[in-house]
Amino acid sequence: MPVYLHDPTIFTAGRHGRANPVTVNPRQPPEDFPTVEVKSVGIRWYHPAGFRVDRPLGSQDYAFMQWLTPALLIVAGEERREREGGCIVYRPDDPQCFGGDLFTPFGNNWFHFHGPMAGKLLDACGIPLNQPLHLRDSSFIEPLLNMFQRENLNQARLWRLMIGSGVERFFIEMAREIGSGASVRLKSARSAELRERFVALRDSMRERSAEPWTLKDMADSVYLSQSRFSQLYREFFDANPIDDLIRMRIAKAEYYLCLTNMPLAQVAALCGFSDYYYFSRQFKNKTGESPTSYRLLRGGTAQE
């Protein structure tokens, strides 16, 4: 649910990607002056296939964007196809062009920030700018984005400083996690070839997440025992393969909940869950919200 900060108008996500303004009572800002401020935030923002952002002159502020689905980006005039989970940090005048392809929904997390120390913070952390990055562990991203939203909505004492310190922590965490996206050292052609097979399998799992995958199916597809497969999958992707599959199914469910009004049982079935109640438990476990609440908070209507 994107929230535009430091403004008496809060924008909540509409079902088709449009912002719905909701006026709130502005408060007198406290006497704290952070050197980095967050302007706007979006968390798990899903868009239909073909969605594209094109800002040839940039956004006139710094911007962080993480794509939750496979993405197409234009960087330095070159189109790049990136696997899900990567991120990029733009300077104020960097051209921004990204989105999904014509057949794939696009999801992302993002925030815009500015301030006299914003550039120096990124320099101090050694964050590469205007280039796709894959982090070893990106689990810190959504909790901190949620904190930015929560602090703005509550506006407790020193809330701006809290957000400013959160931005500093965000980029310190990011600097620590910049890497290839895999903890395995690819020391041989065999290791590189094996990783390519795992990446292809993971893409197939995402595209066909509604199918009844088993651990044996996954292991057989890369010609490994189940125990060896599970070990390498965790090393390559820092995830348990079955948990990763569930996460892919939940991500697809978030898309359907945001952009359609289909009944929840139908959403569950389309995402690979034969039992609606199991789907509901898994959805709340992964997102912190029930499917119904998730849909209503993002502008949809309840459809049981």
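The paragraphs below lead through the pockets, helix packing, backbone and aromatic rings of a predicted model. Residues are numbered from 1 along each chain as its sequence is written, and side-chain values use heavy atoms, with hydrogens and water left out. Because the model is predicted, local features need pLDDT of at least 70 and side-chain atom pairs count only at pLDDT 80 or more, while totals for chains, interfaces and linings use all residues.

Rolling a probe the size of a water molecule over the atoms shows where empty space is left. Here a pocket is an open set of points on a 1 Å grid over the protein atoms alone, where a 1.4 Å probe fits, with protein on both sides within 12 Å along at least five of seven lines, and its lining residues have an atom within 4 Å of a point. The largest pocket has a volume of about 880 Å³, a volume being the space filled by probe spheres set on the grid points, which are joined across faces, edges and corners. Its lining consists of 35 residues, and Q66, S138, S139, R202 and R247 are the ones that lie nearest the centre. Among the elements that give two or more residues to this lining are strand 4 (37-47), helix 4 (189-207), helix 6 (226-237), helix 7 (241-259) and helix 9 (276-287); helices (H or I, at least four residues) and strands (E, at least two) are DSSP runs numbered from the N terminus. Helix 7 provides the largest share, six residues. By class, eleven residues of the lining are nonpolar, ten polar and 14 charged, where Ala, Val, Leu, Ile, Met, Phe, Trp, Tyr, Cys and Pro count as nonpolar, Asp, Glu, Lys and Arg as charged, and the others, Gly among them, as polar.

The second largest pocket holds about 500 Å³ of space, and of the 20 residues that line it, T69, P70, T104, R206 and E207 lie nearest its centre. Helix 7 gives the most to this lining as well, with five residues, and the lining as a whole divides into eight nonpolar, three polar and nine charged residues.

Helix 7 also packs against other helices. With helix 6 it makes an angle of about 60°, the axes being 9 Å apart; axes are lines fitted to C-alpha atoms, for helices over the stretch in contact, and angles run from 0 to 180 degrees between N-to-C directions. Helix 7 and helix 9 pack at an angle of about 95°, with their axes 10 Å apart, which makes helix 7 roughly perpendicular to helix 9. The contact of helix 7 with helix 9 has seven nonpolar, two polar and three charged residues.

Most residues other than glycine have a negative phi. R44, although not a glycine, has a positive phi of about 50°, and this residue lies in strand 4.

Finally, the structure holds 26 aromatic pairs, in which rings of Phe, Tyr and Trp (its six-membered ring) have centres within 6.5 Å, with planes under 30 degrees apart counted as stacked, over 60 as edge-to-face and the rest as tilted. F113 and F171 form a tilted pair, 5.3 Å centre to centre with 45° between the planes, and this pair links distant parts of the chain, as F113 in strand 11 and F171 in helix 3 are 58 residues apart.

Notes: Angles under 35 degrees count as roughly parallel, over 145 as roughly antiparallel, 65 to 115 as roughly perpendicular and the rest as oblique.
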